[in-house]
Amino acid sequence: MKGTKITDGIYRIGVNLEGDSLFEGMWPIPNGVSINSYVVRGQKNALIDLVQNIGEKPAEYQEALASLSLEPGQIDYLVINHMEPDHTGWLAEFSKKNPNIEYYITAKGASVLKAFCGIEKNVHTVKTGDILDLGAGKTLTFYEAPNVHWPETMVTYENSSKILFSCDAFGSYGAITDAVFDDQLSTEQYDFFLQEALRYYANIVAGFSSFVEKAIALLKNLDIRIIAPSHGIVWRENPQAIIDAYARFARYMNGPAEPEITVIWASMYGNTEKVVRRVIQGARSEGIPVHVFRTPEEDVGFILASAWKSAGLILGMPTYEYRMFPPMAWVLDMFARKKVMNKKVLRFGSFGWSGGAQRELEAITEKLKWDFMEPVEWQGAPSEEIMDLAAARSRELAAKIKAEYGK
Ligand code: FEO
């Protein structure tokens, strides 16, 4: 892949992780994900972030660098916005090709740089407001953005072009092919990247939403003409669109989320499954969007994105050995880790000898401030009365959500 000019002297170079890999070793990315790095050329050459050391990606990266007539030895400065190895995996090798390069990184990042790459020489620690002058009118200003996504993260702003190199913030899943910029996308592609931004956010950043809000507030006074994230497309026509999307995603944590319901269900022998259709009908009868997932068949990465956005959750699962059905326990454990908070929740499900799933559900989600409706539980096979009751309760939940969050 060749480097792409963003503006005079500033270029994107990037690689794609393919759709059959798992991001962070766990999240499905059927549409791939890009890892973006940027070149800023003044009298000195700076690179902003690097690339993961996986397969042929470093070679592809060097090829992209070469398309700009640059090789690693010609880079004067490496700005490390974030030390996670999707951006720095190749750094130890890269540093051998350019032993005199100088690094710009936060103080917290410097210790991680040493731990991951053994690099201590030529390391300049920076804080918010520090400036690196590249000459020829190009200057970089650094802004600490802790926990977006790791504690050491910062973002970098080029003052002449007003480009924000935002690292993980404002990123999305989805491989980059021909179109690099928002204004090159069809309506479908544009919607796709916004949807993939939500899934990326829910998987990677959601647990740090309060820090995302702080970072957005910090950047409010900056005149940002272009957002160049470390994953996904470059937003040059309407950077505010992705800032607004991220502000909305962050707000979902404390509400209001969207007037939608995510139904997640699991069944062992079919007695919980028999009620699912009626529950969905009940939820849809109020006319709000209802998204349905089955676990363990569908991956938690997709479920998480839908649940993050929805004001309401309906969880269908049987009791298993006096506790939750384990595939659902895995989903809920992830919800707790990612802070899927402030939901209105209905649970339904069967049990054999005794219940117990609801008790464990309420315990595992104790800190999430969920508003539980009375569950619908039954022993053995569901009766017609149980089916009617489950449909009525899910309709009641939908009506509440529509009344409280509907526009
Ligand atoms: Fe794209 Fe947190 O690294």
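H5 supplies six residues of the side of domain 1 that touches domain 2, the largest share. That side divides into 10 nonpolar residues, three polar and one charged.

A note on the source. This is a predicted model, in which local features need pLDDT of at least 70, side-chain atom pairs count only at pLDDT 80 or more, and totals for chains, interfaces and linings use all residues. Residues are numbered from 1 along each chain as its sequence is written, and side-chain values use heavy atoms, without hydrogens and water.

Now the domains. Domain 1 covers 4-251 and domain 2 covers 260-401, with bounds from an automatic or database domain assignment. Their C-alpha centres lie 38 Å apart. Contact (heavy atoms within 4.5 Å) involves 14 residues of domain 1 and 12 residues of domain 2.

Last, one residue. Valine 263 sits in strand S15, residues 258-265; strands are DSSP runs (E, at least two residues), numbered from the N terminus. Is valine 263 buried or exposed? Valine 263 is buried, because its relative accessible area is 0%, and buried means under 20% with a 1.4 Å probe, protein chains only. Leaving aside neighbours within four places in sequence, valine 263 is in contact with residues including Val290, Phe293 and Ile314.

Technical notes: Helix = DSSP H or I, 4+ residues; strand = E, 2+ residues; numbered from the N terminus. Nonpolar A, V, L, I, M, F, W, Y, C, P; charged D, E, K, R; others polar. Buried < 20%, exposed > 50% of the residue type's maximum accessible area, 1.4 Å probe, protein only.
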